[in-house]
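Subject: Structure handover

Dear colleague,

Here is the structure I said I would pass on. My notes on it follow below.

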Amino acid sequence: MPGTRKLGRTTAHRMSMLRGLVTYLLDHGQIETTVTRAKEVRSLAEKMITLGKENTLASRRQALAFITDETVVKKLFTEIAPAYAERNGGYTAIYKIGPRLGDAAEMAIIKLVGFEPAKDDKKADKKKAEAPKEEAPAAEENK
């Protein structure tokens, strides 16, 4: 049953961690974490996407109360939820990727199904700014 795993943390710490993971998942489209955390995040992320599909003031306020970044809430309501308008659940997928090297914890990748996050314009602008500008060919000097 979702929501019953304690994950070795107090309630406040656990909810803070899960809020951060859900925010990061909705912002980047996928995250790498342990299988048990991924299963908890799946439940919460799907609830947030369902709120985004309602697109009312009340649902936006509920999402703002849970998601830690206002820009992610805006992205949820303008990009992510409309992409899943025709889908009734199953917005995320969990892929097991094997044990972690340090402590052999079973790792997984959780990602949004069928949603490609838009490329950041800031990164593209930064690359353009960093690219060396081509100089015009020097005019031949008359001697």
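Of the 143 residues in the chain, 33% are buried, where buried means under 20% relative accessible area with a 1.4 Å probe and protein chains only. This is a predicted model, in which local features need pLDDT of at least 70 and side-chain atom pairs count only at pLDDT 80 or more, while totals for chains, interfaces and linings use all residues. Residues are numbered from 1 along each chain as its sequence is written, and side-chain values use heavy atoms, with hydrogens and water left out.

Overall make-up

The chain has 5 helices and 3 strands. Read from the N terminus, the order of elements is α-β-α-α-α-β-β-α. Helices (H or I, at least four residues) and strands (E, at least two) are DSSP runs, numbered from the N terminus. Among contacts in the chain with a separation of 6 or more, 57% are between residues 24 or more positions apart; contact means heavy atoms within 4.5 Å.

The sheet

The 3 strands form an open sheet in the order β1-β3-β2, with antiparallel pairing. Two strands count as paired if DSSP finds at least two bridges between them. β1 (30-34) and β2 (92-99) are the edge strands, each pairing on one side only. From one strand to the next, the twist averages 25 degrees.

β1 is joined to β3 (residues 106-112) by 5 bridges, and the two run antiparallel. In this pairing Gln30 lies opposite Lys111, and Thr33 lies opposite Ala108. Between β2 and β3, also antiparallel, there are 7 bridges, and Thr92 stands opposite Leu112. β2 and β3 make a hairpin with 6 residues between them, and Ala104 in that turn has a positive phi of about 65 degrees.

Helix packing: α1 with α4

Helix α1 (residues 11-28) packs on helix α4 (residues 70-83) at an angle of about 45 degrees, with the axes 10 Å apart. Axes are lines fitted to C-alpha atoms, for helices over the stretch in contact, and angles run from 0 to 180 degrees between N-to-C directions. The angle makes α1 oblique to α4; angles under 35 degrees count as roughly parallel, over 145 as roughly antiparallel, 65 to 115 as roughly perpendicular and the rest as oblique. The crossing of α1 with α4 is left-handed, meaning that the near helix is turned anticlockwise from the far one by less than a right angle, whereas clockwise would be right-handed.

On the α1 side the contact involves Thr23, Leu26 and Asp27, which meet Val72, Lys75, Leu76 and Ile80 of α4. By class, this contact has 4 nonpolar, 1 polar and 2 charged residues. Ala, Val, Leu, Ile, Met, Phe, Trp, Tyr, Cys and Pro count as nonpolar, Asp, Glu, Lys and Arg as charged, and the others, Gly among them, as polar.

Helix packing: α3 with α4

The axes of helix α3 (residues 57-66) and α4 come within 10 Å and cross at roughly 140 degrees. α3 and α4 are therefore oblique to each other, and their crossing is right-handed. Ser59, Arg60, Ala63 and Leu64 of α3 make the contact with Glu70, Val73, Lys74, Leu76 and Phe77 of α4. By class, the contact of α3 with α4 has 5 nonpolar, 1 polar and 3 charged residues.

Regards

Methods. Buried means under 20% relative accessible area, exposed over 50%, partly exposed in between (1.4 Å probe, protein chains only).
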